[in-house]
Amino acid sequence: MALESFPMPQGFHRGRRLRRTPALRDLVREHSVDAGDLIQPYFVDELLDSHAVSPIGSMPGQFRYGEKALVDEAARLADAGVGGVILFGIPKEKDAIGSQGFAAEGIVQRSIAAIKARVPQLLVMTDVCCCEYTSHGHCGQLCGEDVENDATLRLLQQTAVSHARAGADIVAPSDMMDGRVAAIRQALDAAGFPQIPVLSYAVKYASGFYGPFREAADSTPAFGDRASYQMDPANVREALREAQADVDEGADMLMVKPGMPYLDIVRLLRDRFPHPLFVYQVSGEYAMIKAAAQLGWLDEKRVALESLLAFKRAGADGILTYFAKDFASLK
């Protein structure tokens, strides 16, 4: 049957002109992700033989590393042009105040020094928190079953200074104690480290997406949860208050955690603050992509890159992601 001929509309938008070829799409692309934008989280385990690695079951492709194995991995990461690493430690011994977190010869402190000796150009960031080091798994010193805010600040000060002394480039407090940025800044300055920037986990939600991390870092609370100090996922305006407080206390950079479920918060902070802004694509986000890919439900490379682009599009300058070390193979 012959089709009738009708006049074509005049002046409609021809958006497909700029999508016609790969070269055109590359030319007009608004956002991109580079290896230098990415920070790879690593878990260094004092219980492992120094050259050993141990797979993390809930995070396929991720491992706990012995100290020397970590240094070798960091060297490979530096060769790949990845922006840096953030270190989480699993100590041999834990106690009520997490004293191994600020021990001069603790596992993270030794690892910082070893990485800097091997690849001095690689940026080393450290997580400043107590949860991996306390026997109860909470992020600070307890009074009964409550985390004591101000007593914990003293522990965080000691931890941040010990990381700076070992050679860390950036300290990143993730505990969500009130006043922690001011306390850490004061301690770093007093100890002779005014040049060390503070990347604050300014907006950290009490999220269900952290599950695999707690296996990886052996940091599951022995009782209760962290809702009394991490933020309620329902709150938006609170994020602005928390970020502003950290800026007022001297934070050099801000971070939102988790990532994909909180892209609205990333955009909100990008529009409000001129500071460098980071986002943490957390363990649960990574694990979901990996699991769905293993089942053949989605294309891992495509979805991983799409997720990283979403963070950049929302306004993040840098991304902490478990995909960082494999970024080159994803492109």
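The model is predicted, so to speak plainly about its limits: local features need pLDDT of at least 70, side-chain atom pairs count only at pLDDT 80 or more, and totals for chains, interfaces and linings use all residues. Residues are numbered from 1 along each chain as its sequence is written, and side-chain values use heavy atoms, with hydrogens and water left out. Helices (H or I, at least four residues) and strands (E, at least two) are DSSP runs, numbered from the N terminus.

**Helix packing**

- Two packed helices are described by the angle between their axes and the distance between the axes.
- Here, axes are lines fitted to C-alpha atoms, for helices over the stretch in contact, with angles from 0 to 180 degrees between N-to-C directions.
- Helix H2 (residues 67–79) and helix H3 (residues 107–118) have axes that come within 9 Å and cross at roughly 40°.
- That makes H2 oblique to H3, given that angles under 35 degrees count as roughly parallel, over 145 as roughly antiparallel, 65 to 115 as roughly perpendicular and the rest as oblique.
- On the H2 side, the contact (heavy atoms within 4.5 Å) is made by Glu67, Leu70, Val71, Asp72, Ala74 and Ala75, and on the H3 side by Ile107, Arg110, Ser111, Ala114, Ile115 and Arg118.
- By class, the contact of H2 with H3 has 7 nonpolar, 1 polar and 4 charged residues, where Ala, Val, Leu, Ile, Met, Phe, Trp, Tyr, Cys and Pro count as nonpolar, Asp, Glu, Lys and Arg as charged, and the others, Gly among them, as polar.
- The axes of H3 and helix H4 (residues 149–166) come within 8 Å and cross at roughly 25°, which makes H3 roughly parallel to H4.
- This crossing of H3 with H4 is right-handed too.
- Val108, Gln109, Ile112 and Ala113 of H3 meet Ser162, His163 and Ala166 of H4, a contact with 4 nonpolar, 3 polar and no charged residues.

**Pockets**

- On a 1 Å grid over the protein atoms alone, a pocket is an open set of points with protein on both sides within 12 Å along at least five of seven lines, a cavity is a set where a 1.4 Å probe fits but cannot get out, and lining residues have an atom within 4 Å of a point.
- Grid points are joined across faces, edges and corners, and a volume is the space filled by probe spheres set on the points.
- The largest pocket holds about 380 Å³ of space, and its lining has 4 nonpolar, 2 polar and 6 charged residues.
- Helix H10 (residues 300–314) gives the most to that lining, with 5 residues; the lining includes Arg29, His31, Arg302 and Lys331.
- The second largest pocket has about 200 Å³ of space, and of its 13 lining residues Met176, Asp178, Ser228, Tyr229 and Gln230 lie nearest its centre.

**Cavity**

- The count comes to 1 cavity of 30 Å³ or more, and the largest cavity holds about 100 Å³.
- Of the 14 residues that line the largest cavity, Cys131, Lys204, Phe213, Arg226 and Lys257 are the closest to its centre.

**Backbone details**

- A cis peptide bond, with omega about -5°, joins lysine 257 and proline 258.
- Proline 258 sits in the loop between strand E10 (253–257) and helix H8 (263–272).
- Methionine 176 has a positive phi near 65° and is not a glycine; methionine 176 lies in the loop between strand E8 (170–173) and helix H5 (180–190).

Conventions:
A crossing is left-handed if the near helix is turned anticlockwise from the far one by less than a right angle, and right-handed if clockwise.
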